[in-house]
Amino acid sequence: MADINHVTLIGRLTRDAELKYTSGGQAVCKFSIAVNRRKKNGDQWEDEANFFDIVLWGKQGESLQSYLLKGKMIGVNGELRQDRWQQDGQNRSKIEIIANYVQLLGGGGGGSSSGDRQNYQNNSSNQSSSSQDSQGFGSSRDDSFTDDIPF
């Protein structure tokens with residue numbers, strides 16, 4: 001049986017995304033999201049925030065970086081990756097989510113209205129501009145339907 005490493009989260013960005021490039025010229029976009037969880041404490045329900053670091057590689061990171069602003073709600077689909085190193089003789093580790101798919105959900109800070117949604121998949125065959133053109137940010141679309149429905 002194969003192992004499964006898959007995570008899907010919806011949350012709000014805790015800071016603006018940071019775009020850097022590796023020495024080989026590969027783009028890497030890093031950001032963090034907060035995901036709230038409700039738990040009961042006595043008779044009261046409380047929100048508990050959980051924070052996750054996300055890494056988005058390549059052209060998708062370059063394309064999305066300007067839209068990934070603090071407070072923006074997004075959906076992330078990816079896998080967990082544990083980074084291990086030694087610092088001052090101590091073993092250290094950090095778990096990050098390597099994003100395969102990011103969806104802008106609207107709301108919060110940032111450049112789109114709450115009704116706009118964008119999908120971006122982290123593979124070379126998907127061009128984010130085609131997604132953007134079909135559902136674009138700030139597009140003036142008339143969703144009114146004037147025809148009679150026959151049923």
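The backbone oxygen of F52 lies 3.3 Å from a polar atom of the S32 side chain. The model is predicted: local features need pLDDT of at least 70, side-chain atom pairs count only at pLDDT 80 or more, and totals for chains, interfaces and linings use all residues. Residues are numbered from 1 along each chain as its sequence is written, and side-chain values use heavy atoms, with hydrogens and water left out.

**S32**
- S32 lies in strand β3; strands are DSSP runs of E, at least two residues, numbered from the N terminus.
- S32 is buried because its relative accessible area is 4%, where buried means under 20%, exposed over 50% and partly exposed in between (1.4 Å probe, protein chains only).
- Leaving aside neighbours within four places in sequence, S32 contacts R12, L13, T14, R15, F52 and D53; contact means heavy atoms within 4.5 Å.

**Nonpolar core**
- The largest nonpolar core has 18 residues, of which F31, I33, I54, L56, L68 and I74 touch the most other members.
- β1, β3 (27–41), β4 (44–57), β5 (73–87) and β6 (90–106) each supply at least two residues of this core.
- Such a core is a set of buried Ala, Val, Leu, Ile, Met, Phe, Trp, Tyr and Cys residues joined through side-chain atoms within 4.5 Å.
- Beyond four places in sequence, the contacts of I74 include L9, L13, F31, I33 and L68.

**H6**
- H6 is found in the segment before β1 (7–13).
- H6 counts as exposed because its relative accessibility is 54%.
- H6 touches N77 and G78, not counting residues up to four places away in sequence.

Notes
Helix = DSSP H or I, 4+ residues; strand = E, 2+ residues; numbered from the N terminus. Polar contact = N/O pair within 3.5 Å; in protein donor to acceptor, adjacent residues only side chain to side chain.
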